Amino acid sequence: MEKNELEQAISYFRKYNVYGRLFASMREKYASLGHLGGSFVLSGLTEEERGVLSGFAGADLGSEPTVRLSFSQLKRALSKSRFGACTWEEILTAYERKPLVVKKEERTRQKEERDAFWEDCLSQCGKEDVREWLSVLLREQGPGYRLVLKQYKADRKEARKLLTGVIHAAEHLPADRGQRQFLPVFASGITGNPHSFDEGTSAGRLLLQFGKYRFGEADGQLSGIEQKESVLYQMGILRDELSNTCLAYRVTGRKKEGGVHQGIQGFYEEGQAFVLTLHTLGGLLRLEPSPDHFSRIYVLENPAVFSYLIKKYPGHTFLCTSGRLTLAGYATMDLFPSDTQFYYAGDFDPEGLQIAQGLKERYGERLVFWNYKREFYEQAVSELGLDDARLRKLDRIDCPGLQEIRQCMWDYRRAAYQENMLGTYVVKERCGSEKSFDADHMSASEIHAAIQAGVDEAEAGRVKDASGVFEDFREGHTL
């Protein structure tokens, strides 16, 4: 075949768009079989396109919009044309300006290129734990692989930039330096863009995967958002450090760099409750309960009950999760010594039992359920009914210490709340005596009035916290 003849053939076939469709079908068949053969089907053809193909094939292709041409027809037609010295393989290669490729060979080539790309990215890792994680992700297609592969297929340059940024971030975590940083500040220091690791970004999702690999999965009792915050927190990164809080009373704290936390100490000495934020918790080495009354801490779900009890028992240590257990709640409890016992009291509803069970799973024998007895449930049962959807949540409550209350809810199909159980919360003094509020001889309205009086009194205060920020809150000041 002369070069001039092949050029003429390509010039001719490029005059008619229908050949582009035919040649694409022929290349696909070659990739599948490893050679040209079989038939090629073209649908949606115009009358003019059928005419072009009929003229070349030397056969009437009918009037239907769908045409089937066999390779034997095309081979015979080419041999009888003025391009007879050319082969279809030569024409297809010259037309597309790229060689014919068998799919298996193409897949092998692509895999080799991809593997080389992965290895180049792995070579950037300077820390062994980061290399191990990235190796699992890329070589074993671990969590996050599809995200990286999608970026690789779309734009290799951006894929390299993505992995480089995540590697740099993983190797410079604030926690490794004993520090805490806000997410935008951390991101800006790593990439120059304060939003590069925001939720929903590819880099942010991959950084979370590294955090899970290194520190383990977050507690399943946390909400989805708080699980992410928990992983970030372990890496020394703070995203929502102010709204994620825990109320505390009569605790002291020591800082990681040494010394007493003077802000917390001030609230302890003044006998005032305050709010612990993730930002403050991140700088603490440990927390200590009041030394006057054993190593016992009372943990409450309801802020109003917390407000009442700290006035009734001012020498004891109390925490309050404010209706749900957040990351700050876990972080606060985790900072107390291992011999500390937690007495937990929450609402008797399906959601309250889920919180209680999650705490028991985390703290084991250190956590005691406070007054989780049928007699207390029946004293406090409310008029609020529980529908089937809420009751079904009880199916997941399997902790032995919660079965009595669980059965009560099934029997009564009603919730019972802490505000109606004030008289049951008896706190032991060091001498062994007990003090309790005689709510058994008060009406429900009188109990609520007593609680509200405590809350209103607390709300009257407006105190400057240790960071210099003024905050109004129920019986608490922010740290």
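In which loop does Asn-371 lie? In this predicted model, Asn-371 is placed in the loop between strand E12 (367-369) and helix H18 (374-380). The phi angle of Asn-371 is near 65°, a positive value in a residue other than glycine. With a relative accessible area of 14%, Asn-371 is buried, because the cut-off for burial is under 20%.

A positive phi value in a residue other than glycine also occurs at Arg-413, where the angle is near 55°. Arg-413 belongs to the loop between helix H20 (403-412) and strand E14 (414-416). The relative accessible area of Arg-413 is 34%, and this residue is therefore classed as partly exposed, a category that lies between the limits of 20% and 50%.

The largest nonpolar core comprises 71 residues. Those with the most contacts inside this core are Leu-281, Phe-306, Leu-309, Phe-318, Leu-359, Trp-370 and Tyr-372. When residues up to four places away in sequence are not counted, Leu-309 touches Leu-300, Phe-318, Trp-370 and Tyr-425. A second, separate core contains 37 residues, including Trp-118, Leu-163, Phe-186 and Ala-203. In soluble globular proteins, nonpolar side chains tend to be buried together.

The side chain of Ser-70 forms a polar contact with that of Ser-72, at 3.0 Å. Ser-70 also touches Gly-38, Ser-39 and Phe-40, with residues up to four places away in sequence left out of the count.

Notes:
Residues are numbered from 1 along each chain as its sequence is written. This is a predicted model: local features need pLDDT of at least 70, side-chain atom pairs count only at pLDDT 80 or more; totals for chains, interfaces and linings use all residues. Side-chain values use heavy atoms; hydrogens and water are left out. A nonpolar core is a set of buried Ala, Val, Leu, Ile, Met, Phe, Trp, Tyr and Cys residues joined through side-chain atoms within 4.5 Å. Buried means under 20% relative accessible area, exposed over 50%, partly exposed in between (1.4 Å probe, protein chains only). Contact means heavy atoms within 4.5 Å. Helices (H or I, at least four residues) and strands (E, at least two) are DSSP runs, numbered from the N terminus. A polar contact is a pair of N or O atoms within 3.5 Å; within protein, one must be able to donate a hydrogen and the other to accept it, and residues adjacent in sequence count only if both atoms are side-chain atoms.
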